[in-house]
Number of protein chains: 2
Amino acid sequence: MKVSQIGEFGLIDKIKKDAIFNKKRVVQGIGDDTAVEKINGGMYLLSTCDMLVENIHFLRNVISPWQLGYKAAAVNLSDIAAMGGKPTGILVSIALPKDTDTEYIEEFYKGLKSICKEYETNLLGGDTVSSPKHIVVNVTALGEVPPKDLVLRSGAGIGDVVMVTGTLGDSAAGLEIILSKKDKSIYPGLLSRHLTPSPQVKEGMFLASLGLITSLNDISDGLASEISEIAKASQVGAKIIAEQIPLSEDVKNLAQEMGKDPLNWALYGGEDYHLIFTCHDQDCEIIKKMFRKKFKKELYKIGYIVPLEEGISLQKRGLTEPIIRKGYNHF
Amino acid sequence: MKVSQIGEFGLIDKIKKDAIFNKKRVVQGIGDDTAVEKINGGMYLLSTCDMLVENIHFLRNVISPWQLGYKAAAVNLSDIAAMGGKPTGILVSIALPKDTDTEYIEEFYKGLKSICKEYETNLLGGDTVSSPKHIVVNVTALGEVPPKDLVLRSGAGIGDVVMVTGTLGDSAAGLEIILSKKDKSIYPGLLSRHLTPSPQVKEGMFLASLGLITSLNDISDGLASEISEIAKASQVGAKIIAEQIPLSEDVKNLAQEMGKDPLNWALYGGEDYHLIFTCHDQDCEIIKKMFRKKFKKELYKIGYIVPLEEGISLQKRGLTEPIIRKGYNHF
C-alpha cells in the first residue's frame with residue numbers, strides 16, 4: 001500500500017502507538033495540537049512542529065520569502081494557541097537549493113523574526129542545509145501553559161455550544177485569488193489571511209484562563225476537519241448551523257463573483273488559524289461579553305455538541321447533511 | 001550571492017543576530033549544540049534540530065528506512081549529549097513522495113522508536129507530509145540538564161588538554177565502503193558507525209556531572225571542525241597531535257587497502273558522534289580513571305589548548321600544519 005492511500009490520519013494512528021518510553025513526563029502525547037509535558041516547576045511544556053514543502057504547501061512564485069518565514073512560524077504558534085499556551089521559542093530548519101540567492105534566505109529570516117518579535121518568541125536554533133530541488137521548511141514551536149489553563153480537544157460534552165473566534169474561509173478565498181487570473185490587489189485582506197495568518201495566541205490564552213471552555217482547537221485544516229477532531233477526541237457528535245458560520249463581506253463578494261459557495265471555503269479550505277472551542281451553553285454569553293470587552297471583537301456561536309450516535313452534521317436551510325472530514329489532507 | 005558561496009557558517013552568523021525577543025529565558029541561543037533556556041523549576045531546557053535531505057545527507061538505496069529513522073534521532077540526541085544533557089523527547093517531521101510504500105514509513109518509525117526506547121526518550125509529535133520528489137526528515141530533540149552540569153563550547157582555557165571519547169574516522173570510512181564497489185560485509189563495524197551511530201548520552205552526562213570539564217562538543221562535522229568551534233567560542237587556539245588521534249584497527253586496515261590517509265577521515269569526515277572536551281591538565285588522569293571505571297572504556301588525550309594567536313594546528317611527525325576547518329559544510 002502507498003502512503004497516499006493510507007493517508008495522513010491513518011499514518012498518525014500507526015505512529016502514535018508505542019511512542020512513549022518515559023510515561024511520567026507526558027500529559028498528552030501525539031493526538032492534540034501539541035504535546036504536553038510535566039516539567040519541574042509550575043508550567044507544562046508544549047511542543048509541536050510543522051513542515052512546509054515547496055509545490056505541496058506553497059509555490060515559490062506566489063509567496064515571498066518574507067511571507068514564507070512569517071507563515072512557517074505562524075502555523076506553529078497557532079498550535080500553541082490551540083492549547084491555551086504562550087509560545088516561548090522556535091527552532092527552524094530550512095533546505096534550499098544551492099543556487100538560491102542569499103537575499104532569499106535573508107528575507108525568509110526577516111519574516112520569521114518579525115513574527116517572533118510580534119509574539120515575543122525566541123528564535124532558539126535551527127539547521128540550514130541544501131536541497132537537490134525544492135525548498136523545505138520545518139518549524140518546531142515550544143510554549144508553556146499553567147496546568148490549570150490547559151484545554152485539550154477531548155473535553156467537549158453533549159449540550160455544549162461550539163464557538164469560533166472569527167470569520168472562516170478567508171484564507172481559502174485568498175488562495176483562490178492567488179491561483180486564479182484575478183487581479184491580486186482587489187482583496188488584500190483575503191490574500192494576507194492566506195499568506196501571513198495571525199495566530200490567535202492572546203485570544204487562546206485568555207479563553208483558556210477563564211476556566212470555562214471545555215475543548216479547544218485551531219482551524220488549520222478547515223472547520224469540518226477541526227470539529228471532527230474535537231468530536232472524535234471527546235467521543236461526541238456535533239451539529240453546525242450553516243447560517244451561523246461567520247463569513248466576511250470579502251468572502252461573500254468573491255464567492256458571488258466566482259459563482260462559488262463560500263461555505264465550502266469555510267468548511268474545507270483550511271488555514272484560517274482562528275480558534276474553535278466549546279463551552280457550556282450557560283457560559284456562552286458571559287464568555288462572549290468578556291471577550292468583546294478584552295479584544296473589541298466578537299465570538300461566534302456556530303453549533304452545538306450532540307450525542308455520538310447523531311454524528312457530525314451541517315444544518316443548512318432546515319436540512320441536515322453529514323459533514324465529511326475531507327479537510328486538508330497532507331497526502 | 002548564492003547560499004552555496006556564503007556557506008552554512010556565514011548564514012548562521014547572519015541568522016543569529018536579533019533572534020532573541022525574551023532575554024530572561026535564554027542561557028544560550030544560536031551558537032552551541034543546543035539552545036539552553038531557564039524554565040521554572042530546577043532544570044535547564046535544551047532544544048536542537050537537524051534536517052536530513054535525500055541525495056544530500058543520505059541515499060535511499062544505501063540506508064534502510066529503519067536505519068534512517070534511527071540515525072535521524074541519533075544525530076539530535078548527540079547534540080543533547082554535547083551539552084551534558086539527558087534527552088527527554090523528540091518531534092519528527094517527514095516529507096515523502098506520494099508513491100512511497102507504507103512499509104517504508106513503518107520501518108522508519110520502527111528505527112526511530114528503537115532508539116527512543118534505548119535512550120528512554122519520548123516520541124512527542126510530528127508532521128507527515130508529501131513531497132514532490134525527495135524524502136526530507138527533520139528531528140527536533142528536547143532535553144534537560146541541571147544548571148550546575150551545563151558545559152558550553154566556550155569554556156576552554158589555555159593549557160587545557162583536549163580529549164575524545166572514542167576512535168574517529170570510523171563513520172567516514174563506513175561511507176567510503178558504501179560509496180565504493182567494495183564488499184559491504186567486510187567491515188560491519190564501520191558501516192554501523194555510519195548508518196546507526198551511538199550518541200554518547202550517558203558519557204556526556206557523566207563527564208558533565210564531574211564538574212571538571214571546561215568545554216564539550218559532539219563530533220558531528222569532523223574533528224577539525226569541532227575543535228575549531230571550541231577554539232572560536234573560547235577565543236583560544238589548539239594543537240592536535242596526529243599520532244594521538246585514536247584510530248580503530250578497521251580504519252587503519254581499510255585505509256591501507258584503499259591507499260588513503262585515515263587521518264583525513266578523522267579530521268574531515270564527520271558523523272562519528274563521539275564527544276570532544278577539554279579539561280585542566282591536572283584533572284585529566286582522574287577523569288580518565290573514573291570514566292574507565294564507569295564505562296569500561298578509554299578516553300583519549302589528543303592535544304591541548306594554546307593561545308589564540310597560535311591558531312589551530314596539527315602536529316604530525318614533529319611538523320606543525322594549520323588545521324583548516326573544511327569539515328562537513330551543509331552547502
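Okay, hi everyone. Keep in mind that what you see on the screen is a predicted model.

Chain A has an open sheet of seven strands, and the order across it is S8-S10-S7-S11-S9-S12-S13, with mixed pairing. Which strands stand at the edges? Those are S8, residues 213–218, and S13, residues 319–322. Each of them has a single partner strand, so one side of each is left without a neighbour in the sheet. The sheet isn't flat either: from one strand to the next, the twist averages 25°.

Now zoom in on S7 of chain A, residues 161–164. On one side of it you have S10, residues 275–279, which pairs with S7(A) in the antiparallel sense over four bridges. S11 of chain A, residues 300–306, also pairs with S7(A) in the antiparallel sense, again over four bridges. If you want to find the pairs on screen, click on A:Val164, which stands opposite A:Ile276 in S10(A). Then try A:Met163. Its bridge partner in S10(A) is A:Phe277, and in S11(A) its bridge partner is A:Lys301.

Are the faces of S7(A) covered or open? Both are covered. A:Val161 and A:Met163 are buried on one side, and A:Val162 and A:Val164 are buried on the other.

What packs on the sheet? One helix that does is H7 of chain A, residues 223–234. H7(A) touches S7, S8, S9, S10 and S12 of chain A, and its direction makes about 135° with that of S8(A).

Let's stay in chain A and look at two helices together, H4 (residues 170–179) and H8 (residues 249–258). Their axes come within 10 Å and cross at roughly 40°. The range for roughly parallel is under 35 degrees, so H4(A) and H8(A) are oblique to each other. The crossing of H4(A) past H8(A) is left-handed. As for who meets whom, H4(A) brings A:Asp170, A:Ala173 and A:Glu176, while H8(A) brings A:Asp250, A:Val251, A:Leu254 and A:Met258. Sort that contact by class and you get four nonpolar, no polar and three charged residues. Here's a handy thing to know when you look at a list like that: an α-helix has 3.6 residues a turn, so residues three or four places apart point the same way.

Over in chain B, H4 also covers residues 170–179, and eight of its 10 residues are buried. Among the buried ones are B:Asp170, B:Leu175, B:Glu176 and B:Ile177. What covers them? The cover includes H5 (188–195), H8 (249–258) and H9 (262–269) of chain B.

Two loop residues in chain B are worth a quick stop. B:Gln235 sits in the loop between H7 and S9 of chain B. Its phi is near 60°, a positive value in a residue other than glycine. B:Glu271, in the loop between H9 and S10 of chain B, isn't a glycine either, and its phi is positive too, at about 65°. Are they buried or exposed? B:Gln235 has 12 C-beta neighbours inside 10 Å, so it counts as exposed. B:Glu271 has 23 inside that distance, so it counts as buried.

Last stop: where the chains meet. How many residues are involved? There are 73 residues of chain B in contact with 73 residues of chain A. On the chain B side, the elements that each supply at least two residues include H1, H3, S5 and S6. The largest share, nine residues, comes from S5(B). By class, that side of chain B has 31 nonpolar, 26 polar and 16 charged residues.

One helix pair spans the two chains: H1 of chain A, residues 3–15, packs with H3(B) at an angle of about 20°, and their axes are 10 Å apart. That makes them roughly parallel, because the angle is under 35 degrees. H1(A) passes H3(B) in a right-handed crossing. The residues that meet include A:Ile6 and A:Leu11 from H1(A), and B:Ile105 and B:Tyr109 from H3(B). The whole contact divides into six nonpolar, one polar and two charged residues.

Definitions and conventions: Residues are numbered from 1 along each chain as its sequence is written. Chains are lettered from A and ligands numbered from 1 in the order in which they are written. This is a predicted model: local features need pLDDT of at least 70, side-chain atom pairs count only at pLDDT 80 or more; totals for chains, interfaces and linings use all residues. A residue is buried if 20 or more other C-beta atoms lie within 10 Å of its own, exposed if 12 or fewer, and partly exposed in between; C-beta atoms are placed from the backbone. Two strands pair if DSSP finds at least two bridges between them. Two residues are in contact if their C-beta atoms, placed from the backbone, lie within 7 Å. Ala, Val, Leu, Ile, Met, Phe, Trp, Tyr, Cys and Pro count as nonpolar, Asp, Glu, Lys and Arg as charged, and the others, Gly among them, as polar. Axes are lines fitted to C-alpha atoms, for helices over the stretch in contact, and angles run from 0 to 180 degrees between N-to-C directions. Angles under 35 degrees count as roughly parallel, over 145 as roughly antiparallel, 65 to 115 as roughly perpendicular and the rest as oblique. A crossing is left-handed if the near helix is turned anticlockwise from the far one by less than a right angle, and right-handed if clockwise.
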